[in-house]
Amino acid sequence: MATLPDAAAARAGGRAGRLRQHAGGRRGARGCRLGLGLGLAVTSNRDRPLVAEYDGSAVGLAWATFDAADPLLVNLFQMWVAPESRGHGAAAALLKAAVDWARASGARAMQLGVLSENDTARRLYERAGFRDHGAPFPVRPGDARMEQAMRLDLAPAS
Ligand SMILES: CC(C)(COP(=O)(O)OP(=O)(O)OC[C@H]1O[C@@H](n2cnc3c(N)ncnc32)[C@H](O)[C@@H]1OP(=O)(O)O)[C@@H](O)C(=O)NCCC(=O)NCCS
């Protein structure tokens, strides 16, 4: 079982933080026991559904998946942490696990969409190296809110 970074776990007030990588109940490459997937979670070489846990309770999730059209691009969806568990590094740990998986899986870039007004999420992604990609665009027709694509370059250093 992967463990939340020491600093994040310590800041979580001594709670035993764990990051479970849901991958169908198999053992991971380093012998870690990986948790059973959520009932409807899709697990394949193209997908990485992730759940953050504190003391055995699921408190957050994220889903990384290869882009249908671009085999070198991984998209990140559904980053969410339960309100009572926010501010302890759970999202940062989920994001790091997703980025590590994308890089190890051969992706050259990772991309997500975030509401322009969502400063907390934008800071989270910027700390991990994501940068704005293109101009903001309306979330949907008739909705005044704007969405910003952010992208992380995963190309190996030359
Ligand atoms: C955005 C979201 C995922 C962040 O989750 P989180 O687990 O609170 O994120 P983190 O704990 O890694 O970081 C959040 C903040 O807590 C701070 N933090 C982390 N650990 C901390 C600690 N132990 N003590 C004090 N602050 C801490 C981070 O520095 C960050 O500060 P900032 O907002 O000033 O930049 C969460 O707020 C959420 O689920 N929001 C609703 C859904 C959403 O907006 N999802 C994003 C869609 S793109």
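Me: Which residues of the largest nonpolar core touch the most other members, and what makes a set of residues a nonpolar core?

Reply: Ala 62, Leu 94 and Ala 98 touch the most other members of this core, which has 31 residues. A nonpolar core is a set of buried Ala, Val, Leu, Ile, Met, Phe, Trp, Tyr and Cys residues that are joined through C-beta atoms within 7 Å. A residue is buried if 20 or more other C-beta atoms lie within 10 Å of its own, exposed if 12 or fewer do, and partly exposed in between, with the C-beta atoms placed from the backbone. This is a predicted model, in which local features need pLDDT of at least 70 and side-chain atom pairs count only at pLDDT 80 or more, whereas totals for chains, interfaces and linings use all residues. Residues are numbered from 1 along each chain as its sequence is written.

Me: Which elements supply this core, and which gives the most?

Reply: At least two residues each come from strand 3 (47-54), strand 4 (57-66), strand 5 (73-81), helix 2 (90-104), strand 6 (109-115) and strand 9 (146-153). Helix 2 gives the most, with nine residues. These elements are DSSP runs numbered from the N terminus, where a helix is H or I over at least four residues and a strand is E over at least two.

Me: How do you know which residues Ala 62 touches?

Reply: Two residues are in contact if their C-beta atoms, placed from the backbone, lie within 7 Å. Leaving out residues up to four places away in sequence, Ala 62 touches Leu 50, Leu 76, Gln 78, Met 79, Leu 94, Leu 95 and Ala 98.

Me: Why does Ser 44 count as exposed?

Reply: Ser 44 has 10 C-beta neighbours inside 10 Å, and therefore counts as exposed. Ser 44 lies in the loop between strand 2 (17-21) and strand 3, and its C-alpha atom is separated by 9.3 Å from that of Thr 65, which is 21 residues apart from it along the chain.

Me: What makes Asp 55 exposed, and what is the phi of this residue?

Reply: Asp 55 is exposed because 10 other C-beta atoms lie within 10 Å. Asp 55 is found in the loop between strand 3 and strand 4, and its phi is positive, about 50 degrees, although it is not a glycine. Most residues other than glycine have a negative phi.

Me: In which sense do strand 6 and strand 9 run?

Reply: Strand 6 and strand 9 run antiparallel, joined by seven bridges, and Gln 111 has Arg 151 in strand 9 as its bridge partner.

How values were computed:
Pairing = 2+ DSSP bridges.
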